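Please find below some points on how the chains in this entry meet. They are meant to be read alongside the coordinates.

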There are 4 protein chains.
Amino acid sequence: MAVGLAALARGLIDPVGLVTARPLFEGLPLPAPSDFVIGGHEIRLGSFRESAEEFARASGVFDPSWLDACRDELAAASARVRTGTVCGAGPAIARLGNRSDLIEGDSAAPVIDRIESDLRQFAEAERLDHVVVLNVASTEPPSAVPPVAETWDDLSRALAADQPLALPASSLYAIAAVRAGCSHVNFTPSLGATLPALDELAAQTGSVLAGKDGKTGETLMKTVLAPMFAGRNLEVMSWVGHNIFGNRDAVVLDDPANKASKVTTKDRVVSGILGYKPSTIVTIEHVPDMGDWKTAWDHIHFRGFLGCKMSLQFTWQGCDSLLAAPLAIDLARLVDLARQRGESGLQKHLACFFKSPEGVDEHDFFRQSRWLEEYAQKARA
Amino acid sequence: MAVGLAALARGLIDPVGLVTARPLFEGLPLPAPSDFVIGGHEIRLGSFRESAEEFARASGVFDPSWLDACRDELAAASARVRTGTVCGAGPAIARLGNRSDLIEGDSAAPVIDRIESDLRQFAEAERLDHVVVLNVASTEPPSAVPPVAETWDDLSRALAADQPLALPASSLYAIAAVRAGCSHVNFTPSLGATLPALDELAAQTGSVLAGKDGKTGETLMKTVLAPMFAGRNLEVMSWVGHNIFGNRDAVVLDDPANKASKVTTKDRVVSGILGYKPSTIVTIEHVPDMGDWKTAWDHIHFRGFLGCKMSLQFTWQGCDSLLAAPLAIDLARLVDLARQRGESGLQKHLACFFKSPEGVDEHDFFRQSRWLEEYAQKARA
Amino acid sequence: MAVGLAALARGLIDPVGLVTARPLFEGLPLPAPSDFVIGGHEIRLGSFRESAEEFARASGVFDPSWLDACRDELAAASARVRTGTVCGAGPAIARLGNRSDLIEGDSAAPVIDRIESDLRQFAEAERLDHVVVLNVASTEPPSAVPPVAETWDDLSRALAADQPLALPASSLYAIAAVRAGCSHVNFTPSLGATLPALDELAAQTGSVLAGKDGKTGETLMKTVLAPMFAGRNLEVMSWVGHNIFGNRDAVVLDDPANKASKVTTKDRVVSGILGYKPSTIVTIEHVPDMGDWKTAWDHIHFRGFLGCKMSLQFTWQGCDSLLAAPLAIDLARLVDLARQRGESGLQKHLACFFKSPEGVDEHDFFRQSRWLEEYAQKARA
Amino acid sequence: MAVGLAALARGLIDPVGLVTARPLFEGLPLPAPSDFVIGGHEIRLGSFRESAEEFARASGVFDPSWLDACRDELAAASARVRTGTVCGAGPAIARLGNRSDLIEGDSAAPVIDRIESDLRQFAEAERLDHVVVLNVASTEPPSAVPPVAETWDDLSRALAADQPLALPASSLYAIAAVRAGCSHVNFTPSLGATLPALDELAAQTGSVLAGKDGKTGETLMKTVLAPMFAGRNLEVMSWVGHNIFGNRDAVVLDDPANKASKVTTKDRVVSGILGYKPSTIVTIEHVPDMGDWKTAWDHIHFRGFLGCKMSLQFTWQGCDSLLAAPLAIDLARLVDLARQRGESGLQKHLACFFKSPEGVDEHDFFRQSRWLEEYAQKARA
């Protein structure tokens with residue numbers, strides 16, 4: 001994302017892969033690439049430059065000259081990064097945290113306070129109109145919404161009383177963000193802002209919310225192909241999907257607890273679209289030499305006229321980070337557009353970006369996309 | 001189609017693969033499977049039963065017991081078949097014609113007269129409300145619309161004068177059909193009813209028209225996947241599609257002239273959806289041992305964020321006839337519905353059934369499907 | 001196997017798929033299809049005819065007329081089947097046992113005695129020169145060789161003393177077979193005859209031994225492709241193989257204990273050939289609608305000159321039983337040939353038939369095949 | 001090749017992909033990477049450095065820092081390159097020739113003389129023991145052996161008389177090479193040294209000959225998999241192979257005449273191994289965006305026991321140049337070894353490197369590889 005925004009701002013690359021660069025969005029007051037000021041919370045040592053170099057080396061997808069050209073932007077962005085927290089993130093993520101001053105606390109309240117304070121300082125220091133907190137951290141193990149997070153009243157009371165709260169790191173960040181009036185986008189399957197209390201609070205603070213779990217590759221394909229089978233009344237008997245990749249996300253997903261979150265969101269889209277449950281298998285495995293190249297093989301076995309069994313297979317070979325980055329930029333731009341239009345809370349028209357669109361049961365990519373198109377047309381009117 | 005309608009009428013099979021069996025169409029006055037009376041024109045010897053047995057043996061997709069169960073319906077349908085014509089169908093098709101009494105003529109007029117007379121006799125003998133002429137013949141070589149077919153006035157005058165006309169067999173049938181007040185569905189890429197003169201005439205005779213070239217497999221996939229790339233602003237650099245199959249259609253398509261018609265309709269959908277022209281290759285080859293199993297391998301090479309080149313491959317393994325048959329039944333049912341509703345001429349809402357929807361530039365399967373859904377909803381209202 | 005032998009004997013089919021029908025074996029005194037008398041032990045109810053019909057129906061690969069033609073042979077073979085045992089076979093297999101009179105015993109000795117007696121009676125009743133016991137039962141959970149089975153002296157003493165022995169069903173059958181002087185082929189990864197004590201005993205009784213785990217599909221491909229990478233000095237970084245199928249084997253392999261046996265033999269061939277250990281993943285999953293169609297997707301990621309990462313993927317779509325059956329017949333024929341030649345014990349030249357060839361470290365299919373060719377040439381000399 | 005030899009000599013890369021780096025060849029007096037002196041004939045403008053940069057940019061497979069590290073070697077090699085000829089190479093290749101001083105002549109003799117003189121000067125200037133002329137030029141249209149080239153007597157007489165000769169450029173180079181006592185390796189399907197006259201001459205001049213058409217990817221796979229089907233007596237009904245790529249070779253192969261040469265050598269290996277002719281389709285198409293990434297999809301349809309039809313598909317994604325380069329180096333090393341051992345003429349033990357091994361009917365990769373292994377073992381003895 002950092003390299004891409006800088007390269008776009010410098011005109012080194014064209015905006016291919018950015019949904020918001022489609023003609024549909026022309027004329028809308030979306031922030032330009034150069035309008036963005038990147039900051040963040042991080043638990044690992046290292047700079048954006050180093051990460052980008054490692055990525056270029058391992059996956060071979062990068063013109064390394066761009067890193068030199070964007071040297072200043074990357075250095076400035078790295079300088080704005082603050083140390084984050086692994087509280088409630090689970091052991092697989094905690095093992096990655098090698099900064100010495102990770103935010104810690106015996107309870108949720110002081111951690112949230114510290115993050116909120118970081119966010120407010122960032123906005124002030126950079127004189128920002130709008131901060132969008134984007135969760136692109138590793139996937140946490142599954143978490144249920146604790147009863148205390150059902151209403152903001154209860155949750156704020158518990159925080160004030162410094163009660164121990166069973167909230168994952170992703171939700172601590174989300175609470176801090178919404179309390180600070182920032183918008184929040186959850187690009188992961190982690191719990192994040194999926195708390196009724198935060199829906200309530202967002203209405204008060206004007207935070208725009210979107211999530212969750214960016215739909216980048218195999219699941220995108222599922223939500224594109226399942227409507228075809230439904231449209232033709234072909235019966236999907238089984239849908240088997242195997243994913244392999246080798247980046248840091250893969251390392252974390254090698255932990256069965258973390259993997260469970262991912263597989264769940266990847267699995268349910270098909271039956272959501274078809275209206276019945278075929279046999280499904282979803283695996284996602286860490287194969288180190290694959291680097292960022294997420295490769296998925298899907299085998300769809302379906303029954304047609306006269307009961308004839310037929311099949312469709314696909315292999316998707318996508319660079320995971322470069323599929324995700326432009327969508328994350330799109331979301332930041334569209335969340336900002338919503339804010340400019342005075343909207344707050346969950347944005348149903350952003351469903352097409354997510355594996356588990358919040359507040360929406362629709363998984364059909366094209367029905368979701370229609371909402372986005374109608375929104376853009378309305379916004380241009 | 002014949003086996004399927006009989007098996008449906010007898011309750012031997014469920015209606016999987018029939019679009020019109022979706023809940024969307026519930027309550028509409030569509031003809032039931034047992035309402036259909038099958039006839040036809042044929043240039044080859046042999047019965048429906050023999051064709052179905054050959055198909056079952058070569059492709060192994062059939063419960064042979066159904067042929068016994070539906071023995072009477074198949075025999076009755078075969079008895080209604082009349083000998084057709086190969087006039088203007090090109091040499092590859094003419095070679096297949098082995099009936100001794102093929103309709104022949106030095107000019108178009110007597111051939112059309114004979115077909116029209118056959119159609120009128122069929123309707124009368126079977127006391128039919130509505131005859132739908134469905135072109136499921138082999139693909140002809142490409143034909144241009146002759147100037148004389150631009151208006152019905154000119155065309156009818158030329159026919160009356162028994163002028164020689166450069167019209168393919170598919171158009172001779174289509175003229176006969178519309179003149180007899182039958183509806184006409186062109187499931188092939190042949191010229192058929194694509195004559196302005198027939199649009200005019202259909203408005204007078206009340207014929208419903210639909211075409212052309214049924215969208216059953218690889219091209220369906222193209223019109224499903226291309227919108228995904230467009231929606232995500234991923235640049236398709238090349239789209240390569242190779243098709244192999246071994247049925248009688250394949251034998252005819254082995255002739256380069258006939259193949260040209262097919263490749264053209266398969267090829268242009270992608271650029272029609274994307275709005276630009278990637279490199280494309282489309283082949284369709286006869287591999288006898290494949291029988292009816294149309295297998296397509298497509299390789300889509302696309303460019304994403306930061307110019308990263310990624311790819312998607314799919315392999316479609318479908319039984320060609322069993323993908324086409326239910327769609328042909330759907331079209332007959334929907335054309336009949338249109339007729340009941342007093343509509344005539346080209347039906348834009350049937351675009352999702354065709355590779356080259358007549359009168360419509362839209363190839364996106366989901367936009368096309370929306371038209372069908374809206375039509376069904378309106379019809380139910 | 002039963003249908004195949006009968007159909008071969010009747011000349012209904014050609015011997016495609018039979019290794020021993022290659023010109024290489026012409027002139028050798030291999031038993032003809034009509035020489036075989038099929039018997040067996042079974043734990044489930046049902047006849048060969050019923051199983052074949054179920055198989056034909058679920059997987060659509062059978063000309064059902066053959067079942068009528070071979071009605072007598074199938075009925076006769078079913079009549080020779082005796083009830084088997086599930087002692088030591090593990091719960092997943094025990095659940096399948098629905099015959100009322102399963103062989104049971106508090107210890108191994110009486111079970112073995114009963115099986116041995118069955119085998120002797122079968123040979124006598126049918127006046128057979130040679131009985132080949134072929135293990136084509138479901139895969140058992142992994143078993144280690146118990147110390148008592150290291151020598152025949154110890155094992156025979158323990159059996160005589162009716163000591164409790166931790167032996168799986170497959171080994172009980174194997175002991176009975178070798179004690180009765182029958183030959184034994186283990187087509188599964190179960191322990192079977194892999195007991196040093198039986199190697200010893202076979203030398204005395206003249207039993208020919210071969211095993212284990214028939215190499216039919218994905219693993220065959222591995223032992224064919226890995227030598228190519230080795231020959232070209234291309235470094236295999238990872239080899240990922242996913243298998244799906246839906247027959248009864250798949251039901252048993254759905255039990256993690258049973259699956260462990262299978263995955264182990266499937267996994268180690270690659271490193272055995274390459275001489276180093278790439279990252280590997282092997283899954284094998286039960287997908288009921290696939291029936292007997294074992295479908296495997298393998299992704300091989302390899303490094304070439306200048307460190308360039310390349311890949312090979314394959315999809316294998318094979319009918320599991322029809323890949324296994326001819327190899328099982330081949331093994332019976334070749335084991336009989338060895339017996340005729342006065343050989344006993346493990347047959348190294350049969351390695352190319354097995355995923356885990358006993359007594360041999362060679363997994364390269366072509367080196368293994370050379371042994372078979374050299375053996376055949378020697379036998380013809 | 002130039003980058004690889006320099007990088008190997010500098011220890012920047014390991015010798016993965018080099019067959020001659022296998023343990024099998026340890027201890028043999030093969031020339032080291034630093035022993036090679038690269039020269040050549042070229043018809044296009046540009047340097048090795050520029051070609052390598054273009055290649056790295058278009059196909060993204062190169063660590064560009066190696067080009068800086070090997071700057072001197074690349075510059076020196078480029079300085080040794082002389083201008084070649086397009087005489088008899090056909091129009092597709094002639095179009096690529098943009099050097100101003102291409103070798104021309106009204107007849108073959110002066111062109112051959114000039115090339116021979118270049119080769120002798122190169123050997124003398126660089127004080128070389130042995131020059132290996134390696135044809136890695138673009139594929140020419142098919143050429144038959146002219147009668148005059150059946151014996152060296154006739155051919156030398158015709159050259160002396162300056163008769164017009166219908167010989168392609170590849171043969172002009174080959175004649176010059178053998179006459180100059182150089183060895184000759186034909187890595188292409190062009191005619192090259194496939195002239196009986198040159199076999200004769202090589203015996204006199206001591207030239208070592210090897211060819212033709214390097215077996216790098218899809219054809220390698222064919223010669224690996226076909227023996228598996230033969231070994232298992234599975235009947236290959238059809239083998240369909242589609243190749244796409246985008247490098248300069250692809251541009252030349254877009255010309256149907258040039259493509260014909262390639263398709264022929266790719267096609268016949270399968271029937272050569274199986275002993276019968278299945279249906280085959282081979283295409284090779286230019287898709288510019290693929291760059292050097294040769295991607296092949298093969299569909300193999302085969303018949304197994306009881307006539308069951310099954311299939312195997314594979315997708316090979318290889319970087320064409322980086323598959324070819326190490327084999328070309330291997331061949332130069334092994335040809336030099338043969339020369340050291342006093343051998344001359346065609347080398348049967350190099351068959352495993354070629355799609356159309358000269359003087360050999362064996363296409364089975366593993367039988368071919370055994371010859372190489374036996375040769376290496378003999379050479380070490």
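1. A salt bridge is taken here as a side-chain nitrogen of Lys or Arg within 4 Å of a carboxyl oxygen of Asp or Glu. The model is predicted. Between chain B and chain A the count is four salt bridges. A:Arg303 forms a salt bridge with B:Asp14, with 2.6 Å between the closest N and O atoms. Polar contact links 22 residue pairs between chain B and chain A, both residues being at pLDDT 80 or more.

2. Several elements of chain B give two or more residues to the side that touches chain A, including α1 (2-9), α10 (218-231) and α14 (365-380). β9(B) provides the largest share, eleven residues. By type, the residues on this side of chain B are 40 nonpolar, ten polar and ten charged.

3. Strand β9 (residues 309-319) of chain A runs antiparallel to β9(B), and seven bridges join them. Within this pairing, A:Ser311 lies opposite B:Gln317.

4. In total, 60 residues of chain B contact 60 residues of chain A. About 5,000 Å² is buried between chain B and chain A, and carbon and sulfur atoms give 66% of that area. B:Arg232, B:Phe305 and B:Leu306 supply 20% of what chain B buries against chain A, more than any other three residues.

5. The same surface serves both copies, as 100% of the contact residues of chain D recur in chain C.

How values were computed
Residues are numbered from 1 along each chain as its sequence is written. Chains are lettered from A and ligands numbered from 1 in the order in which they are written. This is a predicted model: local features need pLDDT of at least 70, side-chain atom pairs count only at pLDDT 80 or more; totals for chains, interfaces and linings use all residues. Side-chain values use heavy atoms; hydrogens and water are left out. Contact means heavy atoms within 4.5 Å. Buried area is the accessible area (1.4 Å probe) that two parts lose on being put together, summed over both. A polar contact is a pair of N or O atoms within 3.5 Å; within protein, one must be able to donate a hydrogen and the other to accept it, and residues adjacent in sequence count only if both atoms are side-chain atoms. Helices (H or I, at least four residues) and strands (E, at least two) are DSSP runs, numbered from the N terminus. Ala, Val, Leu, Ile, Met, Phe, Trp, Tyr, Cys and Pro count as nonpolar, Asp, Glu, Lys and Arg as charged, and the others, Gly among them, as polar. Two strands pair if DSSP finds at least two bridges between them.
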